[in-house]
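Trainee: I am new to this structure. Could we go through a few of its features together?
Mentor: Gladly, let us take them one by one.

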Amino acid sequence: MSGQPHPWRNWRHVVKLDPDRPIGNSDLRELGRIGTDAVLIGGTQGITFEKSADLLRRLRVQAPNLPVWQEISSQSSILPDADGYGIPVVLNAGATEWLIGRHTSAIERYGPLIPWERVVPEGYIVLNPHAAVARLTGALVPESPQQLAAYAVAAERIFGMQTLYLEYSGAYGDPQWVGQVRQATSLHLVYGGGVHSAERAAEMAALVDTVVVGNVLYEKGIEAVRETVRAVREIRG
Ligand code: 1GP
């Protein structure tokens with residue numbers, strides 16, 4: 001973001017909401033009260049503009065003070081009223097359009113309309129081979145912590161990225177692997193995947209800058225999310 005630190009830098013805990021999964025207004029209201037830093041609207045399957053817009057609209061009513069960003073996965077569901085946009089650049093994509101291709105076609109189409117000051121490019125590394133995003137992007141999942149750390153160094157030193165997202169979506173990553181990435185770079189490190197307890201939230205919060213939780217809300221409920229927030233807050237960033 002044009003010269004100034006983007007707001008993600010101050011986020012320690014983020015909830016990712018999937019527009020394709022049902023969630024009630026009372027849960028959305030609670031999200032505004034439990035102390036999470038932001039909501040990221042994003043998902044891989046069944047994402048439509050209508051579902052995404054409905055979720056954003058309800059969040060604005062139920063949790064008006066919560067920043068709501070969109071992680072863009074398809075051009076057809078971009079929300080003009082989101083607070084900002086995360087643009088995944090899938091560094092280990094087997095299908096290169098996810099590394100560069102989708103992005104250029106969006107720029108061709110929307111060019112001058114893109115609010116670059118509200119865009120955060122995310123160096124994305126897909127790490128759960130069974131996740132939908134791994135299948136979609138043909139991800140070449142690193143086979144060792146050294147290989148993973150090499151991706152992180154490439155993101156920082158070759159691609160000049162500021163933010164790296166370790167995406168384990170649906171699985172809990174190996175803290176040793178994440179620790180190796182932490183040691184290899186000074187990028188803003190985001191971790192997501194399988195954080196469904198206070199213990200796991202604390203473990204990852206000690207290693208990364210931002211912890212993202214998703215499934216725990218849909219599978220265990222808002223109280224479990226609140227526990228992950230508390231755990232992250234107890235660990236110094
Ligand atoms: C998904 O990284 C997020 O993109 C969170 O993963 O759903 O496994 O918590 P979980």
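Trainee: How many Å separate a backbone N or O atom of glycine 214 from an oxygen atom of the ligand?
Mentor: A friendly reminder to begin with: this is a predicted model. To read such a contact, look for a pair of N or O atoms within 3.5 Å. Here a backbone N or O atom of glycine 214 lies 3.0 Å from a ligand oxygen. A polar backbone atom of asparagine 215 is 2.8 Å from an oxygen atom of the ligand, and for a polar side-chain atom of glutamate 167 the distance is 2.5 Å. The protein covers 93% of the 300 Å² of accessible area that the ligand has on its own.

Trainee: Which residues are around the ligand?
Mentor: Among them are Lys16, Tyr165, Ser169 and Val213. By class, the shell divides into two nonpolar, seven polar and two charged residues.

Trainee: Which residues of helix α7 are buried?
Mentor: An α-helix has 3.6 residues a turn, so residues three or four places apart point the same way. In α7, residues 198–205, the buried ones are Ala201, Met204 and Ala205. Seen down the axis of α7, they fall within an arc of 100 degrees, so they line one face of the helix. Their cover includes α6, β7, β8 and α9.

Trainee: Is asparagine 92 buried or exposed?
Mentor: Buried means under 20% relative accessible area. Asparagine 92 counts as buried because its relative accessibility is 0%. Asparagine 92 lies in the loop between β4 and α3, and the residues it touches include Tyr124, Leu140, Pro142 and Tyr151.

Technical notes. Residues are numbered from 1 along each chain as its sequence is written. This is a predicted model: local features need pLDDT of at least 70, side-chain atom pairs count only at pLDDT 80 or more; totals for chains, interfaces and linings use all residues. Side-chain values use heavy atoms; hydrogens and water are left out. A residue is near a molecule or strand if one of its heavy atoms lies within 4 Å of it. A polar contact is a pair of N or O atoms within 3.5 Å; within protein, one must be able to donate a hydrogen and the other to accept it, and residues adjacent in sequence count only if both atoms are side-chain atoms. Accessible areas come from the Shrake-Rupley method with a 1.4 Å probe; for residues, only the protein chains shown count as cover. Ala, Val, Leu, Ile, Met, Phe, Trp, Tyr, Cys and Pro count as nonpolar, Asp, Glu, Lys and Arg as charged, and the others, Gly among them, as polar. Buried means under 20% relative accessible area, exposed over 50%, partly exposed in between (1.4 Å probe, protein chains only). Helices (H or I, at least four residues) and strands (E, at least two) are DSSP runs, numbered from the N terminus. The arc is that of the directions from the helix axis to the C-beta atoms. Contact means heavy atoms within 4.5 Å.
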